[in-house]
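Here's a quick tour of a model for you to follow along with on screen.

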There are 2 protein chains.
Amino acid sequence: MRPKLEDVAKLANVSKTTVSRVLNKRGYLSQETIDKVEAAMKELNYQPNTVARQLYNKKTNLIGLIFPTVANPFFGELVAILENELYQRGYKVIIGNSMNNRRKETDYLNQLLSEQVDGLIVGAHNQGIEEYRYEHLPIVAIDRVMNEDIPIIESDNYFGGKQATQLLIDQGAKVILHTNGPADLDTPAMRRRKAYEDTMQEHGLVPETVVVDFNITYEEKQQIFQKIFDEHPNVEGIFASNDVDAMMLYQIAQQRQYRVPEDLLIVGYDGTTLMRTLFPDLTTIVQPIREIALQAIQTLEKRLAKRETAKEYICPVQLHHGKTGFKKQTTI
Amino acid sequence: MRPKLEDVAKLANVSKTTVSRVLNKRGYLSQETIDKVEAAMKELNYQPNTVARQLYNKKTNLIGLIFPTVANPFFGELVAILENELYQRGYKVIIGNSMNNRRKETDYLNQLLSEQVDGLIVGAHNQGIEEYRYEHLPIVAIDRVMNEDIPIIESDNYFGGKQATQLLIDQGAKVILHTNGPADLDTPAMRRRKAYEDTMQEHGLVPETVVVDFNITYEEKQQIFQKIFDEHPNVEGIFASNDVDAMMLYQIAQQRQYRVPEDLLIVGYDGTTLMRTLFPDLTTIVQPIREIALQAIQTLEKRLAKRETAKEYICPVQLHHGKTGFKKQTTI
């Protein structure tokens, strides 16, 4: 195994910060300390890498944002808020839409590693990018598990999933489907699925999750959704894992002469300002997008300042009432 | 008036490129030429500015995109395509959401001028930014008039406006309103208004344009739209200058018990993939977003290579049929 900066610090009996300073020739250092650190590096055959060097290097005041695509209303609003808030803190943002493109995500990460940006906020969905293994990178994830070291900001996916499913059951639906992303992708959004499946089982109902890859075109999605109705003509409720999917299912239900909400109840997830303005009728679980954005920025600033952060921040969700999810005239 | 690079070139009897080379110490130059240029600079008391220097300076491979906000579906899709296409050409993008923020737009422009980005693609709506007056900047505008020198890419706004208005008239509407941005902002989108007003007058109808600032919140917009219905309860047709406004008007019409399209016809503008997927019923004029994006990039590349470009590129629009704009069962 290659020696790490920590190993040098240990052998030289100094802090990691001191080793960084020696590497980057920053701050006051006695010649004795410099000699000690350099001797330790030599003994261990330590090769300073970019990651280590970057710890004390000059700031670019650029933050990279990697999300699937700003063409999606949720990521569009999230990125707009992130950019505005970061701008007010003196940063500009580089944006990468990494949908379907692992090479691109890796490329942006390497940009961080080669010191062209100060930090990254990542909500992309690609997998198996090994550069994330470096420790202590100034990275924050939104709704994504990257590794043990990178903090995650997310909405309360389990509670939201439970609330959506419980609502459908309370409204009298028994055949209730759920759409969600591929199960092999490790995202906190998978907890919506877990909550759905748990809640269904608690009520003696059979959960059935339809897997829909996030990274496909609207046409491909439409085909999958048509198939749902072909295979489950008796469907009474759908909990879709995002509002775009929920609305697409709503449109297909209309074409197929289902009355919503009388024959079919639909509940979405995300609740962007755009969707609530354009489709106030869509019942959905609202993520606090501004809170998520601000929490991500605060956490990134802590990482940049080498301060401790929690491993995970969970932001509360809220039910947006709307006609598609309420069959009865109930007051909740 | 301060002397320009051109004045130096004229006096020294060399090309502007040669003056730039002398300023930036680039390329082969004879001592005679250098002396001639420096003498001319001295005589005119010429102060080389960043803009002049940048003409030959090193590339950053960063392109700045300045748009009102990626939270809007049109700009979200446009920016996603621009970023993906620029990435494939070796560029990364810095994005600025400049809504309501002239200082921010100016800041991004200064970033260009101080050589932190290679070029800008601008679709922002702020006014009176005097830095744009510099000539030959590597800037391309989308749907915005900035100055005589900066090329504009736009959809065929006049034809689209005419098509939308003509459709409403053909469907039998006589009281037809139009919503558009403030008239004092010089944008090609104003041609939608001109086309609407011309077409109404051609048919002996009274045009009435309701001014809606683009840079306001959904709540503020909703108030303006409610007022439209208060003041024009007999409205039979609305041509909204964008699909978000069209859908907001549609929602209010529903709340007020107008039947769309029987009592009230609605036609929008933009036709993003998102809106056509979520609201296939909305009749709208579709902008060719991909074509606009590609044309903007090609034009910017020409500017970067100091090649000539047209002053204006107009991309064709298309009518998206949908239930909100068609009263009769017609085949068009």
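This is a predicted model: local features need pLDDT of at least 70, side-chain atom pairs count only at pLDDT 80 or more; totals for chains, interfaces and linings use all residues.

## Strands, a helix and an asparagine

In β4(A), A:V140 is the bridge partner of A:I121. Residues are numbered from 1 along each chain as its sequence is written, chains are lettered from A and ligands numbered from 1 in the order in which they are written, and side-chain values use heavy atoms, with hydrogens and water left out.

Strands here are DSSP E runs of at least two residues, helices are H or I runs of at least four, and both are numbered from the N terminus. Two strands pair if DSSP finds at least two bridges between them. Some of the pairings look like this:

| Strand | Partner | Sense | Bridges |
|---|---|---|---|
| β1(A) (62-67) | β3(A) | parallel | 4 |
| β3(A) | β4(A) (139-142) | parallel | 3 |
| β1(B) (62-67) | β2(B) (92-97) | parallel | 6 |

Zooming out, 12 strands make an open sheet with mixed pairing, ordered β11(A)-β5(A)-β4(A)-β3(A)-β1(A)-β2(A)-β2(B)-β1(B)-β3(B)-β4(B)-β5(B)-β11(B). Its edges are β11 (312-315) of chain A and β11 (312-315) of chain B, each pairing on one side only.

Back in β3(A) (119-122), A:G119 and A:I121 point one way while A:L120 and A:V122 point the other, and all are buried (under 20% relative accessible area with a 1.4 Å probe, protein chains only; exposed is over 50%, partly exposed in between).

Now for A:N97, which sits in strand β2 (92-97) of chain A. Is A:N97 buried or exposed? It's buried, with a relative accessible area of 1%. A polar atom of the A:N97 side chain lies 2.9 Å from the backbone nitrogen of A:V70. Across to chain B, a polar contact of 2.9 Å joins the side chains of A:N97 and B:E83 (N or O atoms within 3.5 Å; within protein, one must be able to donate a hydrogen and the other to accept it, and residues adjacent in sequence count only if both atoms are side-chain atoms).

Helix α6 (102-113) of chain A has 12 residues and reaches 16 Å from its first C-alpha to its last, close to the 16 Å expected at 1.5 Å a residue (1.5 Å times one less than the number of residues). Its buried residues include A:K104, A:Y108 and A:L112. After α6(A) comes A:E115, with a positive phi near 70°.
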